[in-house]
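Let's take a look at how two neighbouring parts of one protein chain meet. Have the structure open while you read.

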Number of protein chains: 2
Amino acid sequence: MLTDPALAELRAVFAGRLSVSPAVLAEHGQSESLVAAGVPDAVIFPASTAEVAALAVWSSRHLVPLIGWGAGTSLEGHALAIAGGVAVDFRDMAAVLEVRPDDRLVRVQPGITREALNRELRATGLMFPVDPGANASLGGMAATRASGTTAVRYGTMRDNVRGLEVVLADGRVIRTGTGAPKTAAGYDLTALMVGSEGTLGLITELTLRLHGQPETVMTAVAAFPGVGQAVDCVMATMQMGLVPARIEFLDVETVLACNAFSGLSLPPAPQLLVEFHGHPEGVAEDTRRFRDIAEGFGAEGLQWAERQEDRSRLWAARHSAYRAILASRPGAKAVVTDVCVPISRLSQAVGETRADIATSGIPGPILGHVGDGNFHAILMVNPADPGEVAIAKALAARMADRALRLGGTITGEHGIGFGKLGHMAAEHGEAWAVMGALKQALDPLGMMNPGKVVPG
Amino acid sequence: MLTDPALAELRAVFAGRLSVSPAVLAEHGQSESLVAAGVPDAVIFPASTAEVAALAVWSSRHLVPLIGWGAGTSLEGHALAIAGGVAVDFRDMAAVLEVRPDDRLVRVQPGITREALNRELRATGLMFPVDPGANASLGGMAATRASGTTAVRYGTMRDNVRGLEVVLADGRVIRTGTGAPKTAAGYDLTALMVGSEGTLGLITELTLRLHGQPETVMTAVAAFPGVGQAVDCVMATMQMGLVPARIEFLDVETVLACNAFSGLSLPPAPQLLVEFHGHPEGVAEDTRRFRDIAEGFGAEGLQWAERQEDRSRLWAARHSAYRAILASRPGAKAVVTDVCVPISRLSQAVGETRADIATSGIPGPILGHVGDGNFHAILMVNPADPGEVAIAKALAARMADRALRLGGTITGEHGIGFGKLGHMAAEHGEAWAVMGALKQALDPLGMMNPGKVVPG
């Protein structure tokens, strides 16, 4: 609990970079989804790793939890202070520290957002491709093991974080990883920290892999006669060894919402939005092969958009899909789901989920990063209607159970926070207790983002 | 210590699958390199996960260490029983349990070797690409976080292990990962186990990512006027965004040894051995672009081998390079080194290493997986000459220090075992203590491969 003497100590160090104003606290107590809020007792805006380390020492002494805060775009309550404590907002630690074009690496502070990073990289010919849709902070993306539309080719945060600086619960500062492309030197602490959601430490610096901006980019939208054909086309594409940079599924409801919201005129049918990156010769052949596969599944009107503005319009619409869907039911709040299954079970998973939603009476458009077997249903409820909320939560729980039954995972990219905590035992069995033992080893007082990820 | 009652208990369970014969013990007490031997007190050949779990319970009760054993090809003493104990030889757990072509996954037991696995996969059109040269076991490769010639395109074991079954020190059996291509559900225990060298548990099953056998493969050897040009060509190739399936460097000494050993007639110059995989159109353009880059660095006589037998001959020679080098100094033993640096520092690292070796009087050909910044010097010594051994070990230590100074790692792919333990503090600082804390959390009695990886 944050006592007055503890607060006074903080104030002496952070002065104007500490806030207890109700507006600031409230802002750090909400999230994008229906997950119940938890308001912190104070918000700190640290300016350096040393300050974060001092905070950790202070936290251990006063037994006040620390909860990292990036852009506030997580969907399972990851950054909410459900047990009180201090939100550590990395707003002022958002610099690009070093660009190393020869090694395709960049060193950044955790508060920088992916859009800001890519703006800074534009002139280098390099890019950071991981794209969860939201303009999240890189520290948050690493903590959540985020991915998104481009993971099918470029990987998730697991694959694109080369190294970290982390402040541990006791205030020690460690560095993980090296500047070399690979290492076999001991336990993979980088991978342990990526996806740990601030429960093992606070990330204060990241070294990220960069990729060349593609020489050629081709994007297409293909309409399919039914959901099954669209999803089977994805499976066939991956099995043929084609590697799209993105391959996204939109069901009819999503397409209609995007048409209305973003002024598109896509045909009212399930669609795949696909993109290839590479040199012109490789991409030309990729697109030829994809066309053959897609037409085999009944795709119609496949048109390639090579012009930047046409592509941007399509992807902007895709990125607005969440807002478009919400706008299709005014006043609604969303229960956002996020399951991921083996590609071979994708068709079954999407089919059963659609049928389940259809009988529920809740609108629930489906879209997803289907090249990875990952999809979302956006279950729209009237937040004032506890009956609807309960129905949506039951649907979401059945989606998680279904994903496990099909050999998949309860979350492809959104993470656990506390929203998915109830499904962890089912996914991991005894391995969940092992996660708890690791947490206990690194944070015995339980001050790093308590109530998240591990058994309570 | 293995007492008579403890041994009797084992014998009751394992009968003929337990050996204490001096020949079998000695076989499990040697390794491929100069690392000093450690002979186990007994060798067990378990037949199931349940038996391995029972062994772990037995080990905790009698305080006898367990050391996993695959193919015995590790280079830093990973599998040596330096504190006594029981070698757990996975020879009889070497089955392919399930091939899932639609998901490009295979489930195997840890004792299967990579060559045996690829033989079993041949008819499926799929392959497991990680290739450390030696015909290692998959369990050992995962435990060591192995990589090799193809990591530049297909990644290391970090990237290609989707999930594991692991027996923990207390006999609990956990499963990590899922069949889905990605997950954000909690700590990445798969990545924690990969590279932990049997110190956190014994791997009893692996789910591995497979890749399509490439439609087109083009291989070339290119001779360069000097080491600097060859290495700079690699850097330029990677920076241009070309993704070779392999790009290997051989210095003149290595080339001469391979010519003599494998009956090749490569020109006596530093060489790059490069390979591209893909569809014909993509590979044709890749090879065109690589030729332009290589010729810009003075490459001569670049010839593409598309025929399977020509390619096989080249790669067989590359895989025999270690034996070829040893054969060039009869009676010699090798101190094998394994450093990895950022690509931008590769030229400097190789140059300084060559100069250091040249003044030492010890023959030390250099070769490596340079697309990853990873290279080896094979320091050949007369094992009966302590002076030579000392010079080679000092050279190896300076290579590790140099790699760290240049922002790299003390081992790209061979791992730590106990041979590299002395460099861990320099690479990891406080993070090494964190590895120790994780070990303590999962193996408080220190029975899983003691004396390796973590602080003693």
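**Where two domains meet**

One salt bridge is what the rule finds across the interface of domain 1 of chain A and domain 2 of chain A. Keep in mind that this is a predicted model. Here's the rest of the picture, topic by topic.

**The layout**
- Chain A is assigned domain 1 (95-212), domain 2 (216-323) and domain 3 (330-415).
- If you take the centres of domain 1 of chain A and domain 2 of chain A over their C-alpha atoms, they sit 28 Å apart.

**The contact**
- On the domain 1 side of chain A, 8 residues are in contact with 10 residues of domain 2 of chain A.
- Putting domain 1 and domain 2 of chain A together buries about 790 Å², and carbon and sulfur atoms give 58% of that area.
- Which residues of domain 1 of chain A lose the most area to domain 2 of chain A? They're A:Thr149, A:Val152 and A:Arg153, together making up 67% of what that side buries.

**The polar side of things**
- A:Arg246 and A:Asp131 pair up through their side chains in a salt bridge, at 3.3 Å from N to O.
- Between domain 1 and domain 2 of chain A, the count is 5 residue pairs in polar contact, with both residues at pLDDT 80 or more.

**Who's on the domain 1 side**

Technical notes
Residues are numbered from 1 along each chain as its sequence is written. Chains are lettered from A and ligands numbered from 1 in the order in which they are written. This is a predicted model: local features need pLDDT of at least 70, side-chain atom pairs count only at pLDDT 80 or more; totals for chains, interfaces and linings use all residues. Side-chain values use heavy atoms; hydrogens and water are left out. Domain bounds come from an automatic or database domain assignment. Contact means heavy atoms within 4.5 Å. Buried area is the accessible area (1.4 Å probe) that two parts lose on being put together, summed over both. A salt bridge is a side-chain nitrogen of Lys or Arg within 4 Å of a carboxyl oxygen of Asp or Glu. A polar contact is a pair of N or O atoms within 3.5 Å; within protein, one must be able to donate a hydrogen and the other to accept it, and residues adjacent in sequence count only if both atoms are side-chain atoms.
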